[in-house]
Amino acid sequence: MNEEEKYLFDLRGYLVVENALTPEQVKDLSKIVDEKVNSFESHKGGRKKRNHQRGSDRTWFANDDDMAWSSPALLDWGGPFIDLIDIPTIAPYLEELLGVNYRLDHDYMLISNKESSHPLFLHGGGQGAGGALDLVGPTDGGQCYYRYSNGRFFNGLIAVAFELNTVSPGDGGFACIPGSHKSNVEVPETCKPRPPFGKSETGLPGLAASEIPDFVDRVTASAGDAIIFTEACQHGTVPWNTESDRERRTLFYKYCPHAVAWSPCYYNSDHYKGLTENQINILMPPSAFGPNERTSMIWKKAQAEQVELMRLRAKENE
Ligand SMILES: O=C(O)CCC(=O)C(=O)O
């Protein structure tokens, strides 16, 4: 992370890393997304409806037999999705922004297009500036923080948003209030996703494109770029321009310091083949100690217990 990037991240709360992915990676990831998207198309009320989100960002069960401990993740799609855990174009930023031994907390994919154009729901925000409807605002456990002291960055959660398609001006997509990660005053009513503002024609909470104040930055990116932002910066997704024939496809990998957890679910590195030692460490559940011999030993035992539980369940169902 060079001096200019450090300055801009501290100033605005986000950065665009150009060419974070090679064209080959974009192609490989997109091919898998194409297959997956087609396989999870479903019919609802006689109308073909796509499900636009997948990943491990979960606070509910999709099925009764879902595992409580480790939820389905983009990593289950293998190959290039596993590679993204730890790539050389992004790792130096994470180390600078989170310190060594950061962990991957959760992942998800977001597809925006004509059929999935939702109002802007601004959320996040440090210093208790999130707003009353914001789950990660004043009512959070303090994990939505940003600080810079003694020459070091401190962040409660860093999002890396890999764009698989180009997002041009006017399309919609990632937006944020630059500098809001350091603001001391709550966001104004005009930004809140509830009436009298944020009563968009869709009936969903959030701001319609016409209601979005000018001080919200709408960030553009080319296919293969990554937008890195701190969750402490007020952010959200600008409604997709329904005139646009393009589709936004974004893969989010969200990282924390090793002692912090956001998702109620953890990764179980046993589920993925051929991981490097570094990838295994990044998938460790949270602890104050980070990955080391003792915590690894405890987690290995937990993994063995999970295997045993699955064996006993399978036997019971025979
Ligand atoms: O890039 C976007 O559309 C914003 C995503 C977002 O709000 C989030 O991941 O918390």
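Which strand gives the most to the shell around the ligand? I began with this question, keeping in mind that the model is predicted, and I found that E12 gives the most, with three residues.

**Entry: overall picture and confidence**

I noted that the protein chain has six helices and 13 strands, and that 39% of its 318 residues count as buried. Looking at the contacts with a separation of 6 or more, I saw that residues 24 or more positions apart account for 80% of them. The average pLDDT of the protein chain is 86, and 85% of the residues score at least 70.

**Entry: the shell around the ligand**

I listed the residues that surround the ligand and found Leu110, Ala159, Ala161, Gly173, Phe174, His235, Gly236, Thr237, Thr250 and Phe252.

I then followed E12 into its sheet, which is open, is formed by three strands in the order E10-E9-E12, and has antiparallel pairing. Strand E10 (217–218) and strand E12 (235–238) are the edge strands, each pairing on one side only. Between E9 (residues 173–176) and E12, which run antiparallel, I recorded four bridges, and I noted that Ala175 has Gly236 as its bridge partner in E12. Gly236 is also one of the residues that surround the ligand.

**Entry: E13 and its partners**

How many of the nine residues of E13 are buried? I found that eight are, so E13 is largely enclosed by the rest of the structure. Strand E5 (residues 103–112) runs antiparallel to E13 and is joined to it by nine bridges, while E8, also antiparallel to E13, is joined to it by six bridges.

I looked up Thr250 on both sides: it is the bridge partner of Leu110, and Glu163 stands opposite Thr250 as well. Of these residues, I found Leu110 and Thr250 listed among those that surround the ligand.

How values were computed. Residues numbered from 1 in each chain as written. Predicted model: local features only at pLDDT ≥ 70, side-chain atom pairs only at ≥ 80, totals over all residues. Pairing = 2+ DSSP bridges. Helix = DSSP H or I, 4+ residues; strand = E, 2+ residues; numbered from the N terminus. Near = placed C-beta within 6 Å. pLDDT = per-residue confidence, 0-100. Buried ≥ 20, exposed ≤ 12 C-beta atoms within 10 Å, placed from the backbone. Contact = placed C-beta atoms within 7 Å.
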